[in-house]
Amino acid sequence: MKASKRVACWVLIVLLIALPLIFAWYQAYKRDHFSCDATATIVGKNISYEMITHFVFSEGTGTYTASGQLHEEGKPEMNTNNHFTFKYWHEEEKIIMISKENSGMENIFSHYFPYTPDFFLYRERGISLEIKRENASSYLFSYDGTPLFYCTLTKTN
Amino acid sequence: MMNTVFLINDTLLFDPNDHSLRPIEGLPGSRVVIHTPASECLLLLLRHNHQVLTQRFLFEQVWEKQGAVVTTNALYQSIASLRKGLHAAGLTENIIKTVPKMGFKSVATVREGIAEEFIVPVPVISLPPAGVNKATETALYELPQRRTRVADFFNSRLAYLLAGIAFILSCGVLYMQRAGGESFYSDYSYIGQVNGCLLYSSWSGEEKSAQTFRALGSRYALTCKSGGVAYLTLNRSLQGLSVLICDRKIAYSTAECQSYIFRKDRYES
């Protein structure tokens, strides 16, 4: 009886030790396995680009998909679609992402928005984004101290 | 039914069911069967370890219960027989102390448990070929010393101390992982209501922030629903500005937000 009580006590102790580690592991797992949607508008002078983006992160490989509309004063709207894959890893609170493909949007963006980070346009270009969990359902991606995307988690990849 | 046994001084195993004493693995001595009254005396002494049991108590519990009436010598002979049995089984210490004018007491280190807890069957194939038959009989049930030591360790204060340290470290890992989890906007200053939005700004100056927000609003329609919140980020590198407009404070998980990035373009110098 005494022995079984002792065993039960140690099972409880091991569980208490393991629980925070399991929770930490689960948090780390979720940080590396998620997908999210964001809407953003890039505004220049007499021009704007409204886009809906979808990010997928899964074990070091991700995809970026964006569809948008370019509005330039005095010109017809231009619809765009953009999809490429990237590899990524975490460094402290930042995520380093390296594009694996050209976006196909290089000409448009380098023309209208010359300060667009190369990652979104060219193959093998990197970007360091800070990713913060803002609430239970969303992350905020910021670049060089400036928030870019408020990304709401989606249920499936 | 589970067989309760006693481990005496981490040396001997006493099985009251078959009145036997046997040494644990690796110690000298052999299996000894003691007679029933001696076995019952030992059982009582071990169950009341470190307590003095009077002669009267022992008489009642061992003999009178069976309807037997015996002399004091019967008790002394039983105790003497018990001491010899313990010694023959390999116990070097005298654990049965005579307390003058009072009775007897056991001064052993005793652990009580089921036989399966202390005994691990040893596969026959692991035994050396010589003397297989005899060795098999004695080695089928052995108590590995290592297992006893492990059990003792888990019962020690050191084990609980280490467990406590492990728990603290475990919580530390979780805390470190979650540290810095505050909102990106946690240190933004509340500016006031501007263009229908509750405006928060990375710049603490109210006038400059409100003025910039209005200027951006004239460049692109920045509108808030009732109770909407706008977060204005004035980038220090001045490569662009960012506004996040949400239908409620960003801390709420139901907050819906859209970002506006105001960047220099080919028309700007």
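**Entry 1: the loop with A:N46**

I started at A:N46, which lies in the loop between β1 and β2 of chain A; strands here are DSSP runs of E with at least two residues, helices are runs of H or I with at least four residues, and both are numbered from the N terminus. This is a predicted model, where local features need pLDDT of at least 70, side-chain atom pairs count only at pLDDT 80 or more, and totals for chains, interfaces and linings use all residues. Residues are numbered from 1 along each chain as its sequence is written, and chains are lettered from A and ligands numbered from 1 in the order in which they are written.

I looked up phi for A:N46 and found a positive value near 65°, in a residue other than glycine. A:N46 counts as partly exposed because it has 13 C-beta neighbours inside 10 Å. (Buried takes 20 or more other C-beta atoms within 10 Å of a residue's own, exposed 12 or fewer, partly exposed is in between, and C-beta atoms are placed from the backbone.)

**Entry 2: B:H19**

I then went to B:H19, in the loop between β2 and β3 of chain B. B:H19 is not a glycine, yet its phi is positive, at about 55°. With 19 C-beta neighbours inside 10 Å, B:H19 counts as partly exposed.

**Entry 3: A:T53**

Is A:T53 buried or exposed? I get buried, from 20 C-beta neighbours inside 10 Å. A:T53 sits in strand β2 (residues 47-58) of chain A. Beyond its neighbours within four places in sequence, A:T53 has contacts that include A:D37, A:Y64 and A:F149; contact asks for C-beta atoms, placed from the backbone, within 7 Å. A:F149 is 96 residues from A:T53 along the chain, and their C-alpha atoms are separated by 8.8 Å.

**Entry 4: a sheet in chain B**

I traced an open sheet of 5 strands in chain B, ordered β4-β3-β2-β1-β8 with antiparallel pairing; strands pair if DSSP finds at least two bridges between them. β4 (32-33) and β8 of chain B each have a single partner strand, so one side of each is left without a neighbour in the sheet. Strand β3 (residues 20-23) of chain B is joined to β4(B) by 2 bridges, and B:L21 has B:V32 as its bridge partner there.

**Entry 5: helix α1 of chain B**

I checked the length of α1 (residues 36-47) of chain B: its 12 residues should span 16 Å at 1.5 Å a residue, and the end C-alpha atoms are 16 Å apart, which agrees. (The expected span is 1.5 Å times one less than the number of residues.) Among the buried residues of α1(B) are B:P37, B:C41 and B:L45. Their cover includes β2 (12-15), α2 (55-63) and α3 (72-88) of chain B.

At what angle do α1(B) and α3(B) pack? I find about 80°, with axes 9 Å apart. (Axes are lines fitted to C-alpha atoms, for helices over the stretch in contact, with angles from 0 to 180 degrees between N-to-C directions.) That makes α1(B) roughly perpendicular to α3(B), a term for angles of 65 to 115 degrees.

**Entry 6: where the chains meet**

Last, I looked at the contact between the chains, which takes 44 residues from chain B and 44 residues from chain A. On the side of chain B, α7(B) gives the most, with 8 residues.

Notes
Two residues are in contact if their C-beta atoms, placed from the backbone, lie within 7 Å. Angles under 35 degrees count as roughly parallel, over 145 as roughly antiparallel, 65 to 115 as roughly perpendicular and the rest as oblique.
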